[in-house]
Amino acid sequence: MSGLIRQFDHSDPGDETLRNFRYQFGYGAILLLAALRSEKDYVSMWCEHFEDMVCERVDGLFDCYQIKTSTPENGHLRLTTDSVRKSIKRFVALQSRFGDYIATMFIVSNTEFLDTEQADKITACPGRLLGAIRAAAKVDGIDTVFMQAFNALKNYCECDADSLFTTLKKVDLCVGPSRQSFETDIAHTHVPRVKGCENCTPNTLSAIVDDLVGKVFRASSLKIGDPDVHLHTYFSRTEIDPRLLGKRIFIEEADSIIKKHTASHFRYVQGSGSLVVADGNRDLTKLAKKLSKGGLDDYIATMQRKALATEKRLLEAPPEKLSDLIDQLESVVQGECDEAHLEAKYDDRPTGEIMLRTVHKRLRTIAEQRPADVFGEPYDTLVGFAGLLTSDCKVWWSEKFDINL
């Protein structure tokens, strides 16, 4: 096989550049999810508009975000790190233009910010300087330990001391997820805490993240879907340009994405299941008798193995989720088996054979096309659950008979 497709091209950083942009869009998704959880009081978010993200709050003020990615191997971010200084310089300009409307300005990075009390390093700590700024009422009240660092930053930003001081009063720092695993972190840490997403399957969680990141990406570009863009005239410039409105994402739009992936999932009521799983050797004698009566002797061993494997899988589930899992799986599998049994009764062929084929087909369709209805459990688990229900005399593969004979 050619080395062309077996080696990374380290001379072309294009893929890393795209990953950094996707990280920015991913953090936008994190902000939308935080707003949906009511952890951020945001009404909407503007993407690539003066800053990477500008979030409109319910009080009419705005929070601004600069998203910076860095290679962790390069060490902690310092006050003298270019990405930190450049962000602050942008914030100074932003404060000068729109200061009355800005509440907080955040620098977000995948890399930790230096934070230490060591005398020879403390002035390089971004958070320590910001703490000293917040503790001071005015410039001459800044702790003298930090004055040299403050003046150096003032010279870099090419501004006066009061402007820098006012800006830094509003600056905060935030460490985002790892650049290597941010999409997984969003899917499995942030999304499940949104109402309605608690029991989503891994595939559903990933699909939600993809849609949210895509939404932020489109809002960050100049892609405009509003036909009013071609009706925006010279004398209508006092109105908001449709090109700018295309950069805005309302929190309700993020909520719609969530509901698209979760609203159609059918859930049975809690407590509807009655199957009891136990850590031990389940007696599968009844299962064997019932399959044999249905003409399925050749399938007994397979069904027994899947039933035992499914019970073991259930016992490995988190205790707080086991009850809901059993309720849902039992109700879904029981329903499909009951319908298959009803269909088989009116067929001239052997009931067990027709019913088994129908059950397999139905359960495979659920596992592949409606995984959220069974919490993402695979086809084999559903078949094994049918075996457990057979063992508990809830599913029959023939007409009912005295199982004790």
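**Before you start**

This is a predicted model, in which local features need pLDDT of at least 70 and side-chain atom pairs count only at pLDDT 80 or more, while totals for chains, interfaces and linings use all residues. Residues are numbered from 1 along each chain as its sequence is written, and side-chain values use heavy atoms, with hydrogens and water left out.

**Stop 1: the whole chain**

Select everything. The chain has 14 helices and six strands; these are DSSP runs numbered from the N terminus, helices being H or I with at least four residues and strands being E with at least two. Of the 405 residues in the chain, 45% are buried. Here buried means under 20% relative accessible area, exposed means over 50%, and partly exposed is in between, using a 1.4 Å probe and protein chains only. Now think about contacts, meaning heavy atoms within 4.5 Å. Among contacts between residues at least 6 apart in sequence, 69% join residues at least 24 apart.

**Stop 2: the sheet**

Colour the strands. In what order do the six strands of the open sheet lie? The order is β5-β4-β3-β2-β1-β6, and the pairing is mixed. Two strands pair if DSSP finds at least two bridges between them. Look at the edges: β5 (171-175) and β6 (248-250) each have a single partner strand, so one side of each is left without a neighbour in the sheet. On average, neighbouring strands of this sheet are turned by 25° against each other, direction ignored.

Next, go through some of the pairs:

- Select 42-49 for β1, which is joined to β6 by three bridges and runs antiparallel to it. Trp 46 stands opposite Arg 248 in β6.
- Select β2 (51-57) and β3 (62-68). They pair in the antiparallel sense over four bridges, and Cys 55 stands opposite Asp 63 in β3. The two strands form a hairpin with four residues between them, and Gly 60 in the turn has a positive phi of about 90°.
- β3 and β4 pair in the parallel sense over seven bridges, with Lys 68 opposite Ser 109 in β4.

Is β3 mostly covered or mostly open? It is mostly covered, with five of its seven residues buried.

**Stop 3: helices across the sheet**

Select 82-98, which is helix α2.

**Stop 4: two helix pairs**

Two packed helices are described by the angle between their axes and the distance between the axes.

Show the side chains of Ile 88, Phe 91, Val 92 and Gln 95 of α2, and Leu 164, Thr 166, Thr 167 and Leu 168 of α5, which make the contact.

Then select α12 (residues 319-345) and α14 (residues 379-391), which pack at about 80° with their axes 10 Å apart. That makes α12 roughly perpendicular to α14. Residues making this contact include Ile 326 and Leu 329 of α12 and Phe 385 and Leu 389 of α14.

**Stop 5: Lys 170**

Where is Lys 170 found? It is in the loop between α5 and β5. Lys 170 is buried, with a relative accessible area of 17%. Leaving aside neighbours within four places in sequence, its contacts include Gln 95, Gly 99 and Met 105. Also select Arg 134: its C-alpha atom and that of Lys 170 are separated by 8.7 Å, although the residues are 36 apart along the chain.

**Stop 6: cysteines**

How many disulfides are there? The count comes to zero, where a disulfide is a pair of cysteine sulfur atoms within 2.5 Å. For Cys 55, the nearest cysteine sulfur is that of Cys 47, 8.0 Å away. Cys 55 counts as buried at 1% relative accessibility, whereas Cys 174 is partly exposed at 26%.

Notes: Axes are lines fitted to C-alpha atoms, for helices over the stretch in contact, and angles run from 0 to 180 degrees between N-to-C directions. Angles under 35 degrees count as roughly parallel, over 145 as roughly antiparallel, 65 to 115 as roughly perpendicular and the rest as oblique.
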